[in-house]
Amino acid sequence: MRKQTEFLYLHRRFLSSYKKNTLAVFLSFALTFLLSTLLLVLLHTNHRIENIDYQTLFTPTDCSIENLTEEQLALLKQESAISHIAVCQQSEAYYRNQQLVYLHYSDNAYMTLTSTLLEGRFPENKYEVVAEKWMLLNLGIEPILGEEFTISPEPESSEERNITVKLVGILSDLPANKSYGTLELFTAPIKDTIRYNIAYLRFREVHYQPMLKQITAKLGFTAQDQEERIAYNPARENYSELFWMDVQLLSVVLFVCMVVFYGVYRIALITREKQYGILRAIGMKRKQVKKMILLELYEIYLLGTPIGIVAGLLIAWLVILLSGDADTIVYLYGEAVRFTPVVPFGHLALLIAVTALLVGLVGYATAQRTMRKPVTELLSSVQKTGRILPLFHLKETGGKLQTLTFLSCKYILRDVKTSCFVLLTICTGVVLFTGLSYQAKILQLHRADTKEMRYLNGQYAMSMLSFGSTLEGITRDDAAQIENLPGVAQIKTCSALPIRIIDDGITRDEAYYDLLNSKMHDYMGFELRGYDGTDQVYRSNLYGYNSKALQELKKYIIAGDFDAVHGPKEDEIILAILSIGKIEDNTITTGWYPEGDKVMQYQVGDRIRVKYRTDLLTSQEDYIHFTDYNAEYLYQEYRVTALVSFPYMNGCDRSNIYPMLITSDHYLKDLVPESCYQCIYIDGEPSMSKAQQTALEQKLIQVGAKSSGVSTRSLISDITRNEMLFRKQLIYICGIALITFSLVLINMVNNLRYRMQARTKEICMLRAIGLSIVMAKKIMMIENGIVGIVSILAAYLISLPILQYLYSLSELELYGHHFSFDYKAFLFIAAATLLLCAGLSRRILKEWKGKQILEGIGKVE
C-alpha cells in the first residue's frame, strides 16, 4: 500500500521536471478563469448599473396598486413578504411665478424612492414641503430651510385661493425630474380625506407574482381589479435575460478555453509518454497511472483556478474604476447606492464545477487513450502517423524549394491531430479578434450616430415640457442676456410656431398614423389631423434655429442642402422626418434613422403649403380640436430644400409625430417678432471649474425662472455618464481580445515546440547527411507558414457569416451603413499571425542550432 501511495505522489515530480508544460497548463486554467470571472463580473455589474439608471427614472419597486383604502393599506403594511412600501395620494397642480408645479401628498418612503433628504426634516402636515434645490431655484425660491412661499391653483388665481407652504427639507436631485424638467413639491399625506392611496411595493423574493395574488385576494380584489389596479414596474431587473446572456457568453468562452487547454494538455502528456512506459514496465498498473495523471491535472487546476478568479476580480475592479462607475452615486430608498462590482458567486461556483467536470473528462479520456498503448510503444515514443497524400511525392528532378516544401507538408500530415489543433487555435484567434474588432467598430459607429439623440446637446438645457403657443418660453431679451453671461461659450436656440400643414395627399404610412392618432384620441381626447372647416390638415410646428444649431443640423442631411450661416431662403424649408425601423408583433417602431422607409414620402423639391393663426392663439381648445372656424389664418408655401434624419434640437412638443419644418431663426423672428424660444442649449467655457459650472447653472436658473413652464438644468453629469458607458464597452472588448490572444499564444507556442521536438531525431539525421541549419529553418518556416495561411483562409470563411450576423443584430443599416467586411482588422491579425508563426519558429529553432548531431540522433523522445 505504501508503494502504491508513493507511485501516486510521483506526479509532483512531473510537475517540477516538466516546468514549461506545467506552466502552460496552469496558464490555460488561470487565464480561462480570469477571462470568465472578468466577463461575468463586468456583465453583471453593467446589467446592474443600467438597471439602477432605469430605476432612478421608474422607481426601484416591483409594482404599484391603485385606489387603496386606509384599511387595505394597513393590511399591506403587515405583510412580511413585502420589504419596502411607499404610499402617495393624488397630486395637485399649482403655479408659482407662472411655473407649473405638482404638489405630491406622500409618505417619507415615497419622497425618497430615488432620492435622499440632504437637509432638514420631512413634512408633518400639508403646509410643510420638501423639494429639490434646482427645482426651488427654478421657482425663484431660495433653498433655505424655513423659507415660506405661496402657490396658486391657477396661474392668475385670487389671493384667497392661494396657500402658503414652508420649506422644511431639501431633497437630492430626482433623476426623472431633472431629465424631463418636471417641478415637484412633496408634502405629508392627508389622513382625513376621501382620497385613495397608491402603494408602491418591493417584495423580498424575486418571483413575487404568486405572493402578490395571495395578498390582493386578502384585500378583496377581483380578477378585473388585479388587471386594472396593479401596474408592474418596467425598470425591474430582468434576471432571465441576464441568465441567457451568461449562458451564451460562457459557452463561447468555455469552448475557446477548452480547445486551448486540450491542445496544451495533449502535448504535455505526449512528451512524457516514455516516463509512463517506464513506470508501467516496473509494475505500475494502468489504473494507478490514470490516477496519477488526474491528480497532476487537478493539482494544477486547483492552483490556477483561484489565482485566475482573483486576477479577474482585480481587473474587473480596475475596469470599473477606469470607467468612472466607482465615483457615481445614486439614491434608492433614501440610501446611497454606489456602482460597485457585482460578483455572481453562484455563477462562479457553477462555472468552477462545470469546468472541473470538463477538465476531468478530458484528462480521463486522454489518459485512457494513452494507457491503451503497449508498453513498448510508450517506451519508444513511436507515434502513429497520418498517411501522406500522393500530391506530395518527391521527384528526383525537383529543386531545393520543392524538396523543402515536400518535407514541410510531410511533417504537417504526419501528425494530423497536432496540425489540426494548431489550425483550430489560430483560426479561433483570428475569428475572435476580427469579430471583436468589428463589434468595436459597430459601437463606434453607433456612438457617432446616436451621440446627440438623447438630447444631451449642450452642457446646460433650458426647455419646456410642452407648449401651445409661440409666445410661451424664453423671451428673446432673456436669450440675449444668457449669451452675454460670463462663462458662456455659445448657445443654440430653437423657436417654434404651431402651424397646420395642408394635406395634399402625400404618400404616407397610413397604418402608422391611424394607430398613433387612435392612441392620441384615447389618451388626449383629440387627434393631430382633421378638417378645420376649410382644409384637410395635420398639426406640426415651424421651427427656427439659430446659426449654431443649423451648423449642427447639417451633419444629418440625407438629401439636398442648405446654407447653415444664413439659413434657408424665405421660400425654402428643411424637413425632419421619422423613419420606420422595424415591425415586430404588429408594433411599428420608428426612429430618427437616415435609412429606412419614411413615414411620409417627401422629396427635395416638393412644395408644402402651411397656414398659421394670425392672432397666435394656438393653445385654445377650439384650435386643438380644429373647431376654430372663425379664426383668421395666413397661408405660406415652401419648397423642400433638404431632408434631415434628426432634428438635433428638442422639439418640446412630444405629440408632434408629423414632419418637423425647420427654417432659420431670423426668418421666424421676421414672421413673428414676439416669438419665444422653447429650447436653448448652452455650452460653457472649456476651462471652467466645477464651482464655476455650478455658479453658471444658478445664473441660468435665475434667468429661466422668469419664463413660465421653462426648466433649467445642467446636463454635465448626464453627458459624463453617457460617455462612461461607451468607454466601458470598449474596455470590455479590448480586455476580451487581449486575454483571448494570450490563450491562443500559449497554445501556439506549445504546439509548435512539440512539433519541433517530435522530429528532432529525424532532423539531426538529415543534418548528418548534409542538411544545413538554414535549410532546417526553412522547413520549419514553410511548414508553419502553410499552417498559418490555411488557418487564415479558414478564418476568413468563418468570419464572413459571423460579421454579417453581428451586422444584422446592430442598427447600422438604418443609419446608412452598409455591410462591409472588416478587411483592415482581418489583414492586421492575419499579418500578425504569420509574423508570430515566423517569430516562434526562429526562437524554437535556436535549440537545433546548438544541438549535437549524434546526441539528437540517439535521443529517444
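Residues are called buried under 20% relative accessible area, exposed over 50% and partly exposed in between, with a 1.4 Å probe and protein chains only. At 48% relative accessibility, Glu483 therefore counts as partly exposed. The model is predicted, so that local features need pLDDT of at least 70 and side-chain atom pairs count only at pLDDT 80 or more, while totals for chains, interfaces and linings use all residues. Residues are numbered from 1 along each chain as its sequence is written, and side-chain values use heavy atoms, leaving out hydrogens and water.

Glu483 lies in helix 17 (residues 476–483), where helices are DSSP runs of H or I with at least four residues, numbered from the N terminus. Leaving aside residues up to four places away in sequence, Glu483 touches Val488 and Ile491, contact meaning heavy atoms within 4.5 Å. Between the C-alpha atoms of Glu483 and Asp683, which are 200 residues apart along the chain, the separation is 9.9 Å.

Elsewhere, helix 3 (residues 19–58) packs with helix 10 (residues 239–270) at an angle of about 170 degrees, their axes being 9 Å apart; axes are lines fitted to C-alpha atoms over the stretch in contact, and angles run from 0 to 180 degrees between N-to-C directions. The two helices, helix 3 and helix 10, are therefore roughly antiparallel to each other, a term for angles over 145 degrees. The residues of this contact divide into 17 nonpolar, 6 polar and 2 charged, with Ala, Val, Leu, Ile, Met, Phe, Trp, Tyr, Cys and Pro counted as nonpolar, Asp, Glu, Lys and Arg as charged, and the others, Gly among them, as polar.

Terms used:
Parallel < 35°, antiparallel > 145°, perpendicular 65-115°, else oblique.
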